[in-house]
Amino acid sequence: MASGSVIDPIHQFQIIKIVELGQPGGVELAFTNSAAFMFGIVALVFFFLTFATRGRTLVPGRLQSLAELSYEFVASTVRGSAGNEGMKFFPLVFSLFIFVLTANMVGMIPYAFTVTSHLIVTAALALLVILTVIIYGFVRHGTHFLHLFVPSGVPAFLLPFMVVIEVISFLSRPISLSLRLFANMLAGHIAMKVFAGFIVMMTASGVVGWFGAVLPLFMVVALTALEFLVAALQAYVFAVLTCIYLNDALHPGH
Amino acid sequence: MSEPHGPAGIIVAQASPGTLPAASGVEIAVPAAEAHGSNFPPFDVHTFPSQLLWLVIAFAALYLLMSRVALPRIATILEERHDRIADDIEEAGKLKAESEAAAEAYEKALASARTKAHGIATETRDTLAAEAETRRKSLEADLNVKLAAAEVQIAATKTAAMANVRGIAVEAAGTIVNTLIGTTPTSGAVEEAVDTAIKG
């Protein structure tokens with residue numbers, strides 16, 4: 001793609017087909033680089049956690065501490081937002097957190113593909129959360145779950161508006177949840193690529209360009225640090241919001 | 001949380017067919033549309049079914065591996081450690097209670113021994129005092145008996161001496177009368193005179 005001095009900041013998001021699986025029912029299916037990274041993430045997480053805890057030692061080593069830390073971090077987040085009852089969703093929240101975190105972190109490796117920079121992936125994860133909330137809410141509380149949209153202590157004439165606002169706010173949750181993660185990863189990676197592109201182009205233009213490239217170089221270094229922060233923070237935000245939404249399914253009614 | 005980078009994503013999405021606004025001065029071009037319909041990969045709907053399919057499979061696998069294998073494993077480790085610490089604290093508490101009981105028993109034994117020693121000392125002192133008293137009393141009685149005997153003897157001696165005094169007086173009176181007048185009075189008269197004198 002990047003031929004000559006043309007640097008394409010969008011190229012890193014390209015889906016590349018590895019194995020074509022034909023078009024069953026007119027739908028194009030293929031095993032892609034995205035799928036390979038997804039399975040790579042799953043394998044990485046699983047092998048790390050099992051390898052780190054292989055000794056099952058009473059006094060943990062470094063890797064085991066890290067595995068225990070991730071467990072206790074997510075567990076305390078779930079307990080803090082959704083209470084002890086929320087622990088039944090702990091495997092789901094942990095899987096979401098570790099998947100998003102690992103995907104974001106793997107995406108920081110040069111030439112690696114960032115799974116979470118695709119809207120369809122983040123939207124699917126957000127829908128998984130919201131559908132879990134809706135289905136569990138109705139199974140557990142029946143129609144009482146709808147009290148989620150009826151705030152208590154509101155004057156009767158305001159109630160219809162409040163219900164409309166609550167419904168809109170509920171429906172916008174999966175959108176904000178998926179867009180936040182997607183946009184953060186996309187924008188961050190594009191910004192890094194653009195500034196890195198400046199360096200390449202300026203150095204190519206001669207000795208004066210080498211001095212000109214110093215500023216974008218600092219920018220890229222700073223952006224890389226920022227992106228690591230964003231990668232971890234967005235995974236945490238995703239997990240915390242999941243917990244807060246699950247809390248609505250566990251305890252509807254304000 | 002707000003979406004700090006939300007607008008950036010949208011701008012990029014809108015600007016994707018042409019040149020990036022941020023990079024308008026530099027030659028950063030987006031390549032022309034590829035075989036797929038869209039030229040911005042995240043919005044290329046042709047890739048959605050594949051991505052969804054593999055995401056569902058991968059995430060389901062991750063969920064199963066986490067919930068069945070990895071998380072129970074870590075939970076067991078944490079639980080074992082928690083139990084072990086609780087056990088150790090309990091054991092320490094038990095030992096502490098035991099040592100406290102032993103210390104208490106020791107204090108009690110010490111106190112009872114002290115009381116017993118005190119009792120023995122008192123008893124011994126009382127016994128010795130009583131013994132001394134008895135001995136003193138018997139000694140006193142003995143002395144009293146001896147004193148009484150001595151008094152009796154003194155009285156007897158005194159009586160005897162008094163009796164001797166009469167005899168000597170009679171004899172001396174007779175001798176004195178003889179010396180004075182040259183005649184010896186009859187013993188009867190002298191005795192009578194002496195008796196009168198003694199009585200007077």
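1. Buried residues make up 39% of the 254 residues in chain A; a residue counts as buried if 20 or more other C-beta atoms, placed from the backbone, lie within 10 Å of its own, as exposed if 12 or fewer do, and as partly exposed in between. This is a predicted model, in which local features need pLDDT of at least 70 and side-chain atom pairs count only at pLDDT 80 or more, while totals for chains, interfaces and linings use all residues. Residues are numbered from 1 along each chain as its sequence is written, with chains lettered from A and ligands numbered from 1 in the order in which they are written.

2. Chain A contains 7 helices and 2 strands, where helices (H or I, at least four residues) and strands (E, at least two) are DSSP runs numbered from the N terminus. Their order along the sequence is β-β-α-α-α-α-α-α-α. The C-alpha trace of chain A spans about 70 × 55 × 45 Å along its principal axes. Among contacts in chain A between residues at least 6 apart in sequence, 63% join residues at least 24 apart; two residues are in contact if their C-beta atoms, placed from the backbone, lie within 7 Å.

3. The largest nonpolar core has 71 residues, of which A:Met38, A:Val93, A:Phe97 and A:Val100 touch the most other members. Such a core is a set of buried Ala, Val, Leu, Ile, Met, Phe, Trp, Tyr and Cys residues joined through C-beta atoms within 7 Å. At least two residues of this core come from each of H1, H2, H3, H4, H5 and helix H7 (214-250) of chain A and from H2 of chain B. H5(A) supplies the largest share of this core, 17 residues.

4. Which residues does A:Val93 contact, leaving aside its neighbours within four places in sequence? They are A:Val74, A:Val78, A:Ala239, A:Thr242 and A:Cys243.

5. The axes of H2(A) and H3(A) come within 10 Å and cross at roughly 120°; axes are lines fitted to C-alpha atoms, for helices over the stretch in contact, and angles run from 0 to 180 degrees between N-to-C directions. H2(A) is therefore oblique to H3(A), given that angles under 35 degrees count as roughly parallel, over 145 as roughly antiparallel, 65 to 115 as roughly perpendicular and the rest as oblique. In this pair, A:Ser70, A:Val74, A:Ala75 and A:Val78 of H2(A) meet A:Phe90, A:Val93, A:Phe94, A:Phe97 and A:Ile98 of H3(A).

6. A:Leu92 lies in helix H3 of chain A and is partly exposed, with 19 other C-beta atoms within 10 Å. Not counting residues up to four places away in sequence, A:Leu92 touches A:Thr132 and B:Tyr63. A:Leu92 and A:Ala239 are 147 residues apart in sequence but 9.5 Å apart in space, C-alpha to C-alpha.

7. The contact between the chains takes 56 residues from chain A and 49 residues from chain B. On the side of chain A that touches chain B, H5(A) gives the most, with 14 residues.

8. H4(A) packs against helix H2 (residues 48-181) of chain B at an angle of about 45°, with their axes 9 Å apart. H4(A) and H2(B) are therefore oblique to each other. The contact involves A:Ile120, A:Val121 and A:Ala124 of H4(A) and B:Phe48, B:Gln51, B:Leu52 and B:Leu55 of H2(B).
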